[in-house]
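Please look at the sequence and the structure below.

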Amino acid sequence: MFHKKEYKLLNQMLDDALSGEFVENKFDETELSKLQSKLMRFLTSASISEIKIIEEKEKLKQLITDISHQTKTPLTNIIMYSQLLNEKTNDPQVLAFTQEILLQSKKLEELIIGFSKMSRLETGILQYDFKEVLISQILNEAVQQGYLSAVKKDIQIHVEVTKNLKITADKKWIVEAIFNILDNAIKYSNPMTSISIRTFCYELFCGISIIDQGPGIDEDEIPQIFTRFYRGNSSGEKEGIGVGLFLSRKIIEDHGGYIKVKSIVGTGSTFQIFFPILSTLKD
Ligand code: ADP
């Protein structure tokens, strides 16, 4: 049986390890000492592993930054020169080739941005800047980002927001999550349809509904649309790389929320984004 003093010592070792202040000591050959020495070896290797994990994360962060920085200039140049070539030629075959180069380079640009965002979110490198934000402000920014593409397709966006509804969120990232969903509604819907955006509040959750009159999503397909690089039946010729909804779900889950999809093929889809009421404040 251990004595109070020995429990205290073991307890101290664990506290030191948890606060990162653990240092090795020398012990004699008693049973307690053997246990302490084993615990010491375990704690030493655990703290070494933690240091290694931190170092690896730092390296990964650097690699991601390097990839996105170093590919930016060559890619911008490829896009610029293909645009120039496009303007300088009347040859339909050259035009077709340059259009394809442009399309593929833009896709590559999107992929690099997508990879960078995915790994920053997944490795925990990213630090969210949580603050109280008005849902109306989030929707304002997301709608503004989608405005031009909606106008181009003559799609009306109707917004009905409960005033003063706030959530605790990182505005930049939550706008991105909502915009991805709205952008899909615009992208997959036919011209001259409409999209409704509404807020709601239940007992435990508050949130946003985005309702479109697009092609709808098959029930079996709904779980798949949130997986990485998945492009669904409705994607057809539409531009995209299949990471939008994956990112949206991850960001919303990091805010303690979740997404629900209701859809009828041929009629439209409703994406509901729920935020926990604990993080929502009504004035
Ligand atoms: P992307 O739009 O680049 O393909 P997403 O991750 O945003 O990637 O969406 C995944 C798939 O989900 C899309 O390819 C599409 O088939 C389907 N989808 C998403 N939103 C809608 C929508 N509002 N209406 C119909 N299909 C949708």
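What follows describes a predicted model, starting with the ligand.

Where does the ligand sit? The ligand is found in the largest pocket. There are 22 residues around the ligand, and those that come nearest are Asn-184, Tyr-188, Asp-212, Arg-231 and Gly-242. Sorted by class, this shell is made up of 10 nonpolar, 9 polar and 3 charged residues.

Several parts of the chain contribute to the shell. Helix H5, which covers 171-188, helix H6, at 244-254, and strand E7, at 268-276, supply at least two residues each. The largest share comes from H5, with 4 residues.

Asn-184 has a polar side-chain atom 2.8 Å from an oxygen atom of the ligand. On Asp-212, a polar side-chain atom lies 2.8 Å from a nitrogen atom of the ligand. With Ile-241 the backbone is involved: one of its polar backbone atoms is 3.1 Å from an oxygen atom of the ligand. On its own, the ligand has 530 Å² of accessible area, and the protein covers 98% of this.

Now consider Ser-235. This residue is located in the loop between strand E5, which spans 205-211, and H6. Is Ser-235 buried or exposed? Its relative accessibility is 7%, and buried means under 20%, so Ser-235 counts as buried. The side chain of Ser-235 also reaches another part of the protein, the backbone oxygen of Gly-232, at 2.7 Å.

Terms used. Residues are numbered from 1 along each chain as its sequence is written. This is a predicted model: local features need pLDDT of at least 70, side-chain atom pairs count only at pLDDT 80 or more; totals for chains, interfaces and linings use all residues. Side-chain values use heavy atoms; hydrogens and water are left out. A residue is near a molecule or strand if one of its heavy atoms lies within 4 Å of it. A polar contact is a pair of N or O atoms within 3.5 Å; within protein, one must be able to donate a hydrogen and the other to accept it, and residues adjacent in sequence count only if both atoms are side-chain atoms. Accessible areas come from the Shrake-Rupley method with a 1.4 Å probe; for residues, only the protein chains shown count as cover. On a 1 Å grid over the protein atoms alone, a cavity is a set of points where a 1.4 Å probe fits but cannot get out, and a pocket is an open set with protein on both sides within 12 Å along at least five of seven lines; lining residues have an atom within 4 Å of a point. A molecule sits in a cavity or pocket if more than half of its atoms lie within 2 Å of its grid points. Ala, Val, Leu, Ile, Met, Phe, Trp, Tyr, Cys and Pro count as nonpolar, Asp, Glu, Lys and Arg as charged, and the others, Gly among them, as polar. Buried means under 20% relative accessible area, exposed over 50%, partly exposed in between (1.4 Å probe, protein chains only).
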